[in-house]
Every structure is written in C-alpha cells, then in structure tokens.
Amino acid sequence: GHEVSIVNTKDLDEAIETTNAGAPDFVHLHYDVYAHIMQHITCKNKAVTSHFPYLEHPEKRIGYEWIFSDFKLLAGSEGVKIIALSHPIKEAFVNEGTRSDSVYVLPCGINHELFKLSSTPALANKSIYLAKIEPRKRQFMLQRPDLNIDFAGPISDDRFDHRHKNYLGILSKQEVYERLTNYANLILFSDGEGHARVCIEGLAAGLGLVVTEQAAANLDLDKPFIDIIPDSKINDLEFIKQIVEKNRETSVAMRQEIRQYCVDEFGWDSIISKYESIIKGEAN
C-alpha cells in the first residue's frame with residue numbers, strides 16, 4: 001500500500017533534483033556522508049540513518065565524530081528524525097547531546113519468504129560465515145579446518161587464504177536464498193556492527209547464530225539458538241569450537257522456531273508497522 005522510490009546516485013545535484021521532483025511525503029537518507037543534502041530536500045518529513053559500525057564505541061570512532069554534530073543539527077530542524085538501528089546507537093546519539101525525542105529505533109527487516117527453509121540441513125555439521133571478508137569481521141581467525149566453517153563474500157583482507165577449500169567465493173542473492181538453509185548455523189565475528197542484516201538472513205533460513213558481543217544488536221540473547229562469544233574469549237579457538245558445535249546441535253532441532261522468531265521480530269509486517277509509527281511520530 002506504499003509507493004516507494006529509491007534514488008541511488010553519486011551525483012548529489014541529481015539526487016536532490018530527482019527527490020524533490022517526486023514530491024514525496026517522506027524522505028529517508030541512508031548514507032550519512034551525504035547528510036548535508038537534506039537541507040536542500042523540500043519534503044517536510046525527513047529522516048536520516050547512519051550505518052557506521054562503530055557509533056556506540058567511542059574508542060573506535062576516530063575521524064567519524066562529526067556524525068554526531070551533523071545529525072544533531074539535522075535533528076534540530078523541523079520535521080527531521082534520526083532513525084537508529086538499535087537502542088545502544090540511540091543512546092550514543094543522546095549521550096552526544098541529541099534530544100532523545102528526536103531519535104527513533106528501527107531494526108533492519110527482511111522478506112523471510114525469499115529464503116528456502118529445509119527442516120533438516122544438508123550440511124548439519126557445518127557453519128557458514130557470509131559477509132565481506134575484511135579486517136573488521138576477522139574471518140582469517142576462524143579459517144582453521146577443524147572449525148568446519150565455510151566462508152563466502154568478496155575479499156578485502158590479505159590474511160584470509162582465498163585458496164582454501166572452505167572459501168566458496170561470492171554468492172549471488174539467489175544462491176543465498178537457496179543455499180543458506182543447508183547450514184546448521186551462521187557465524188559473525190565482527191568487532192563492530194550497527195544491526196547486521198546477515199544475522200536475520202540466517203534466522204530466516206532457519207540457522208542459529210554464533211556472534212561476537214558487538215554483532216548482537218536487537219537479538220534476544222535468551223534464545224537457545226543464539227550464542228555470544230565474549231571479548232575475553234575472542235582468541236580462544238577451542239572455546240569457540242565448543243560453542244559453535246553446541247549451537248549447531250541445538251539449532252538443527254529448532255529450524256521452525258528460529259524462522260518464526262525471525263518473522264515475529266524482523267518480518268516486514270512487524271518492521272513496517274514500527275516504521276509507520278515513527279513516520280507519524282507516534283513511537284520512539
């Protein structure tokens with residue numbers, strides 16, 4: 001019931017012109033580096049979201065402190081909201097001086113119906129790490145064969161061995177929709193995340209999660225199919241192996257429950273309902 005247009009260009013004059021020409025009721029910017037163009041968007045109801053992974057970690061924001069002052073100025077303008085990906089990110093903005101009633105929380109959402117769900121995974125003894133391979137996500141630490149983890153994604157870290165048989169290359173969206181459910185669980189070892197959409201992709205496909213503390217945004221940590229690797233154990237590969245294997249065993253027996261949790265918390269019906277409330281100023 002909504003008409004949505006996506007403007008995706010590096011030409012900022014074109015972005016402003018195209019957006020204004022559409023006379024939208026609501027404009028939501030998802031690239032913080034371009035936040036300054038919002039002053040030229042004539043729509044009176046606007047929002048901005050930053051996907052910078054270290055917003056809630058002051059010690060890792062080096063060179064990015066400007067986002068708080070820039071967003072604070074925007075939030076002081078009539079009709080402009082900040083939409084944060086998690087409650088800790090909202091708290092970070094508030095702690096930096098943004099008014100609490102200008103910051104709203106909305107997790108990432110997903111169309112779970114795109115993802116195949118098998119009741120018994122073909123690779124029940126295996127995990128998958130699906131993400132861009134980069135220093136922030138630390139895949140190179142987990143490439144040990146006995147961990148039984150497959151890796152997929154473009155490589156931007158020389159420490160990762162692309163010749164190893166556990167590297168699958170880059171999967172297309174369709175391959176992700178079809179093949180993700182073959183695994184028992186999904187791994188995310190990031191040292192910083194906003195809200196990792198790949199986690200809810202894993203849940204949609206029936207996979208359990210093993211993630212670091214910094215990658216656990218919006219997850220219910222009381223669920224038996226979600227395990228956290230604490231910072232104190234980040235280099236303890238034997239401990240990590242035990243947690244990954246335990247999580248596989250638990251998760252394989254809970255495929256439908258995992259999928260339903262995803263639908264209830266991150267499915268479009270839930271997310272769009274929250275989004276509409278934010279747009280109307282009815283929730284935060």
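Glu 134 and Arg 136 are both buried, where buried stands for under 20% relative accessible area, exposed for over 50%, and partly exposed for the range in between, computed with a 1.4 Å probe on protein chains only. These two residues belong to a predicted model, in which local features need pLDDT of at least 70 and side-chain atom pairs count only at pLDDT 80 or more, while totals for chains, interfaces and linings use all residues. Residues are numbered from 1 along each chain as its sequence is written, and side-chain values use heavy atoms, with hydrogens and water left out.

Glu 134 forms a salt bridge with Arg 136, with 3.3 Å between the closest N and O atoms; the term denotes a side-chain nitrogen of Lys or Arg within 4 Å of a carboxyl oxygen of Asp or Glu. Glu 134 and Arg 136 are also linked with Lys 137 and Glu 193 in a network of salt bridges, and the count for the structure comes to 16 salt bridges.

Another salt bridge joins Glu 201 to Lys 173, the closest N and O atoms being 3.7 Å apart. Because Glu 201 lies in helix α5 (residues 197-204) and Lys 173 in helix α4 (residues 173-179), the pair ties together parts that are 28 residues apart in sequence; helices (H or I, at least four residues) and strands (E, at least two) are DSSP runs, numbered from the N terminus. Glu 201 has 8% relative accessibility and therefore counts as buried.

Lys 246 and Asp 227 form a salt bridge as well, with their closest N and O atoms 3.4 Å apart. Here the pair links distant parts of the chain, since Lys 246 sits in helix α6 (residues 237-252) and Asp 227 in strand β9 (residues 226-229), 19 residues apart. Lys 246, at 40% relative accessibility, counts as partly exposed, whereas Asp 227, at 12%, counts as buried.

Turning to the strands, β5 (residues 123-130) pairs with β7 (residues 183-188) in the parallel sense over three bridges, pairing being assigned if DSSP finds at least two bridges between two strands. Within this pairing, Leu 123 stands opposite Tyr 183 in β7. Strand β5 also runs parallel to β6 (residues 149-152), to which four bridges join it, and Tyr 129 has Phe 151 in β6 as its bridge partner.

The structure holds zero disulfides, a disulfide being a pair of cysteine sulfur atoms within 2.5 Å. For Cys 108, which is in no disulfide, the nearest cysteine sulfur is that of Cys 199, 10.0 Å away. Cys 108 counts as buried at 14% relative accessibility, and Cys 199 is buried with a relative accessible area of 1%.
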